[in-house]
Amino acid sequence: MSTYAAFELVIDNNDGTFTPVASQTVHVYDVTHSTALADTASDANGTVPAASVAVAVGTLLRFSFLLANGICGFAENATT
């Protein structure tokens, strides 16, 4: 069992500002083992909460989202 840290889900406005992405489904993918994990979601402020996952410490996870207007993004982080 390992964990990933909370993070902010935001869109870069290309002007030095960011817009939080609230209440959005976030897909979690175990890159190390090529396995989809359970989805999570951002809260009303765009924060994706920290969580425990059933993978080994150091596993690389990819977090991704897709909005209805075609905006998408992803980030990768190793578990601790």
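**Entry 1: the pocket**

First I needed the word itself: on a 1 Å grid over the protein atoms alone, a pocket is an open set of points where a 1.4 Å probe fits, with protein on both sides within 12 Å along at least five of seven lines, and lining residues have an atom within 4 Å of a point. I also noted that this is a predicted model, where local features need pLDDT of at least 70, side-chain atom pairs count only at pLDDT 80 or more, and totals for chains, interfaces and linings use all residues. Residues are numbered from 1 along each chain as its sequence is written, and side-chain values use heavy atoms, with hydrogens and water left out.

Which residues line the largest pocket? I wrote down F7, E8, L9, V10, I11, F63, F65, I71, C72, G73, F74 and A75. The elements that each give two or more residues to this lining are β2 (7-8), β3 (10-12), β10 (60-66) and β11 (72-78). Strands here are DSSP runs of E with at least two residues, helices are runs of H or I with at least four, and both are numbered from the N terminus. β11 supplies the largest share of the lining, four residues.

I then sorted the lining by type and got ten nonpolar residues, one polar and one charged. For that sorting, Ala, Val, Leu, Ile, Met, Phe, Trp, Tyr, Cys and Pro are nonpolar, Asp, Glu, Lys and Arg are charged, and the others, Gly among them, are polar. The volume of the largest pocket is about 150 Å³, meaning the space filled by probe spheres set on the grid points, which are joined across faces, edges and corners.

**Entry 2: the whole chain**

How many helices and strands does the protein chain have? I found zero helices and eleven strands, so the pattern along the sequence reads β-β-β-β-β-β-β-β-β-β-β. The chain is as compact as a globular protein of its length, because its radius of gyration is 13 Å, close to the 12 Å that the globule rule gives for 80 residues. That radius is taken over C-alpha atoms, and the rule is 2.2 Å times the number of residues to the power 0.38. Along the principal axes, the C-alpha trace spans about 40 × 20 × 20 Å.

Next I checked the surface. The accessible surface comes to about 4,800 Å², and 57% of it belongs to carbon and sulfur atoms. These areas come from the Shrake-Rupley method with a 1.4 Å probe, and for residues only the protein chains shown count as cover. Of the 80 residues, 28% count as buried. Buried means under 20% relative accessible area, exposed means over 50%, and partly exposed is in between (1.4 Å probe, protein chains only).

I looked at contacts too, meaning heavy atoms within 4.5 Å. Among contacts with a separation of 6 or more, 50% are between residues 24 or more positions apart.

Is V55 buried or exposed? V55 counts as buried because its relative accessibility is 9%. V55 sits in the loop between β9 and β10. Leaving aside residues up to four places away in sequence, V55 touches M1, S2, D30, L37 and T79.

S52 is in strand β9 (residues 51-53). With the sequence neighbours up to four places away left out, S52 touches M1, S2 and T3.

**Entry 3: two positive phi angles**

N14 is not a glycine, yet its phi is positive, about 60°. I located N14 in the loop between β3 and β4 (18-20), and N14 is exposed, with 72% relative accessible area.

S23 also made my list: its phi is near 50°, a positive value in a residue other than glycine. S23 lies in the loop between β4 and β5 (25-30) and counts as exposed at 58% relative accessibility.

Where is A78? I found A78 in strand β11, partly exposed at 38% relative accessibility. A78 and A5 are 73 residues apart in sequence, but their C-alpha atoms are 9.5 Å apart in space. Not counting residues up to four places away in sequence, A78 touches G58, T59 and L60.

E76 is found in strand β11 and counts as partly exposed at 38% relative accessibility. Beyond four places in sequence, E76 touches V31, L60, L61 and R62.
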